[in-house]
Amino acid sequence: MSDDRSANADVLENTPGEGRTPEAERIEPAAPESFGLVQVWWGDGKGKTTATLGMGMRAAGHGYRVHLLQFMKGGASSVEAVRGEYNAIAALPGMSYENLGHYGWHGMADGSDEADHEAEAEAGLERARELLAAADEADLSAPIDLDADPEEGVHVLLLDEVLYAVDQGLLAEDDVLELLDAKPDDLELVLSGSHTEPTYLEDRADLITNVRKVKHPIDAGQRARRGTEY
């Protein structure tokens with residue numbers, strides 16, 4: 001019996017919280033201890049934006065300041081003019097968003113203006129530069145007010161669909177590499193999008209995940225659904 005108790009004690013000792021179920025705590029401004037990596041999420045499967053948003057939500061839950069910049073987030077006629085993630089982010093302390101794209105996807109012959117796509121991609125690039133410069137001037141080793149404007153610095157910057165913009169020729173690979181050059185050491189930078197492998201980032205990113213499609217309901221005619229795709 002004593003050996004069993006000793007084994008159980010070892011298990012609890014090696015378990016976070018000694019086996020106790022974590023409980024939700026009030027979100028207070030805090031600073032991460034070891035941020036500063038570059039993450040890349042690409043692939044032909046569903047879930048790239050979903051994964052980055054989930055990571056952003058987790059960071060915000062620890063009191064870190066998070067900002068989402070979407071370069072483009074279009075959709076077909078089945079997609080309504082609402083995004084569930086925007087509503088959720090608006091209710092979450094410490095996380096904010098902005099979208100410099102518009103409905104409709106570049107190169108998809110969906111009726112959207114291609115010139116607008118190009119202008120908005122350039123505007124997104126300039127905005128990303130501004131946010132990186134602001135983060136460089138901020139003290140990212142310290143907490144940032146949860147209601148602070150992103151111009152006051154963020155601990156996590158999510159550049160959603162920036163890789164798709166490169167895929168479509170709206171931005172150049174060098175544009176993204178220049179963003180990495182401007183990244184402050186303590187800023188966690190997350191890039192998503194692209195069905196084509198961004199090999200130009202292989203030596204620059206710390207984490208690269210290929211979100212691969214095995215099966216997708218769109219292939220059977222399923223349209224985008226409120227609450228799962230938007």
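Me: Helices (H or I, at least four residues) and strands (E, at least two) are DSSP runs here, numbered from the N terminus. Where is Asp-186 found, then?
Reply: In this predicted model, Asp-186 sits in the loop between α6 (173-181) and β5 (188-192). Asp-186 counts as partly exposed because its relative accessibility is 38%.

Me: Which residues form the negative surface patch?
Reply: Asp-186 is one of them, together with Asp-136, Glu-137, Asp-139 and Asp-185.

Me: Salt bridges now. What does the count come to?
Reply: The count is 7 salt bridges. One of these joins the side chains of Arg-127 and Glu-130, at 3.2 Å from N to O.

Me: How many residues apart are Arg-127 and Glu-130 in helix α4?
Reply: They are 3 residues apart, so about one helical turn separates them. Arg-127 is buried at 13% relative accessibility, while Glu-130 is partly exposed at 41%.

Me: Which salt bridge does Arg-129 make?
Reply: The side chain of Arg-129 meets that of Glu-178, 3.8 Å from N to O. Arg-129 belongs to helix α4 and Glu-178 to helix α6, so the pair ties together parts 49 residues apart in sequence.

Me: Different topic: Lys-48. Buried or exposed?
Reply: Lys-48, in helix α2 (residues 48-61), is buried and has no salt bridge. Glu-161, the nearest side chain of opposite charge, is 6.5 Å away.

Me: What does the side chain of Lys-48 reach?
Reply: The backbone oxygen of Gly-43, at 2.9 Å.

How values were computed:
Residues numbered from 1 in each chain as written. Predicted model: local features only at pLDDT ≥ 70, side-chain atom pairs only at ≥ 80, totals over all residues. Heavy atoms only, no water. Patch = residues over 30% accessible without salt bridge, like charges linked within 9 Å, V, L, I, M, F, W, Y side chains within 5 Å. Areas by Shrake-Rupley, 256 points an atom, 1.4 Å probe, with all protein chains shown as cover. Salt bridge = Lys/Arg side-chain N within 4 Å of Asp/Glu carboxyl O. Lys, Arg positive; Asp, Glu negative; His and termini not counted. Charge placed at Lys NZ, Arg CZ, Asp CG, Glu CD. Buried < 20%, exposed > 50% of the residue type's maximum accessible area, 1.4 Å probe, protein only. Polar contact = N/O pair within 3.5 Å; in protein donor to acceptor, adjacent residues only side chain to side chain.
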